[in-house]
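Good morning, and thank you for the time.

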Amino acid sequence: MKTLNQFVNLLQNLFQNKNVKSAVTSKYAQEPAMALITEDVDLEKEYSPSRWSKRFPSAHAVLQHHVNLVTAASEQAVNRVPHKLEIEYGSTPGQKLDILGTDLPNDSPILVFVHGGYWQELSREVSRYPAEPLHRFRIKTIVVGYDLCPSATLPEIVNQIQNAAHFIFEYAEKMGSRGVYFIGHSAGAHLVSKLLANADFLENAPGSQRLQGAFLISGIYDLREIIHTTNNDAIQLPEEWAVPMSPQFDDFTHLQARKIRVFILAGQNDSPTFKKQSREFFELLHNTCLMQNMFLEIKDDMDHFDIVECFANDNNYLKNLLIHDIRKNL
C-alpha cells in the first residue's frame with residue numbers, strides 16, 4: 001500500500017501533467033466509472049447547500065447569516081474560554097490549530113473540529129464556536145486550520161489533516177486525555193473520513209489509541225459529481241482522481257477492531273444529493289464495521305448550516321451526543 005506522502009506526490013505529478021494516468025493504482029482503477037449525468041439533475045444546485053435552506057429568502061442571506069453567527073460565537077468563545085491560539089503543526093501558513101479549555105484537567109476529553117467550506121472557504125478563526133458549551137462540561141476543543149484551495153491541492157489538505165491529527169494525538173498522550181473525538185462539517189467531514197480511512201496512520205501514530213469517535217456532519221464522501229460543478233474551479237481536482245480522493249471508495253475494515261463510534265448526520269433541508277451521500281456512506285461503514293458502532297440520523301427541520309450553527313448554543317445535539325458517549329464509554 002502506498003503511503004499518503006507517495007499518494008500526494010503522484011497527485012502532484014498529475015496536476016502538472018493531466019495526461020499522466022498510469023499513476024492510478026489498480027485498487028481505484030477497478031472502481032465503477034462515473035455514472036452518466038442526466039440532464040434533469042442540476043448539479044450546481046445539488047452542490048449549493050445554501051439554495052436548499054428554508055430559513056431565508058435567498059442563498060446569499062443564508063451564507064451571510066452563517067458567517068455572521070459563527071464569527072460572533074467564535075469571538076465570544078475566545079473571550080470566555082481560556083485558550084492557546086495559533087499553534088503551528090506544520091510549515092505552511094494555514095497549518096495552525098487552537099486549543100480552547102486550557103484551564104481544564106489534563107485528562108479532559110478532547111473534541112477536534114475540522115471546518116467545511118468546500119476546501120476553499122471559512123477558517124479556523126471563525127470555527128471556535130463549539131468551545132464554550134463544551135467547556136462547561138469540562139471538554140477541551142481543538143480547532144484545526146488548514147491551507148485552502150487553490151493555494152493548496154486537495155491531497156495536500158488531506159495530508160495536513162493527518163499532520164494535525166499526529167500533533168493532537170501526541171498532545172492527548174502527553175496530557176493523559178481520556179479520549180479524543182473528531183468532528184467534521186461538510187468538506188471537513190470528507191477530511192475526517194479520509195483520516196479514518198488511513199489504517200497505517202491510525203496503527204502507528206503515538207496516542208491514536210485514544211481516538212474514541214467521529215461526528216460527520218452533512219459530509220461529501222463521493223467526489224465524482226462535484227468535479228463537474230463550478231466548485232471545482234478552485235479545487236482543480238482532475239476527474240481521474242475523484243475516486244481515489246472519495247471516502248466512499250476507501251477501506252474502513254480496520255475500524256472494526258478499534259470499536260470507534262461514527263455518527264453520520266445530515267439535515268432534512270440538505271440537498272437530496274447530500275442526504276444520499278450520507279446514507280450511502282453509512283451503508284458502506286455498516287457493511288464493513290460493527291453495526292452497533294455506526295449511527296445515521298437525518299436531523300428534522302435542519303439545513304446544511306444550522307446543523308452546525310447550533311453547536312454555539314448551550315443545549316445542542318452534538319454536546320448531548322458527545323456527553324452521552326463519554327459517560328457510557330470513558
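The secondary structure of this protein comprises 13 helices and eight strands; both are DSSP runs numbered from the N terminus, with helices being H or I of at least four residues and strands being E of at least two. Please note that this is a predicted model, in which local features need pLDDT of at least 70 and side-chain atom pairs count only at pLDDT 80 or more, while totals for chains, interfaces and linings use all residues. Residues are numbered from 1 along each chain as its sequence is written, and side-chain values use heavy atoms, with hydrogens and water left out.

Of the 330 residues in the protein, 57% are buried; buried means under 20% relative accessible area, exposed over 50%, and partly exposed in between, with a 1.4 Å probe and protein chains only. The accessible surface, from the Shrake-Rupley method with a 1.4 Å probe, comes to about 14400 Å², and carbon and sulfur atoms account for 48% of that area. As for contacts, meaning heavy atoms within 4.5 Å, 78% of those between residues at least 6 apart in sequence join residues at least 24 apart.

Let me turn to aspartate 147, in the loop between strand 4 (140-144) and helix 6 (154-175). What surrounds aspartate 147, leaving aside residues up to four places away in sequence? The residues touched are Thr92, Pro93, Gly94, Gln95, Ala152, Ile157 and Gln160. Aspartate 147 is buried without a salt bridge, that is, a side-chain nitrogen of Lys or Arg within 4 Å of a carboxyl oxygen of Asp or Glu. The nearest side chain of opposite charge is lysine 96, 9.2 Å away; Lys and Arg count as positive, Asp and Glu as negative, and His and the chain ends are not counted.

Aspartate 147 does have polar partners. Its side chain and that of glutamine 160 are joined by a polar contact of 2.8 Å, a term for N or O atoms within 3.5 Å, where within protein one must be able to donate a hydrogen and the other to accept it, and residues adjacent in sequence count only if both atoms are side-chain atoms. A polar atom of the aspartate 147 side chain also lies 2.8 Å from the backbone nitrogen of glycine 94.

Finally, the backbone. Most residues other than glycine have a negative phi, and most peptide bonds are trans. The bond from cysteine 149 to proline 150, however, is cis, with omega near 5°. Leucine 122 has a positive phi, near 65°.
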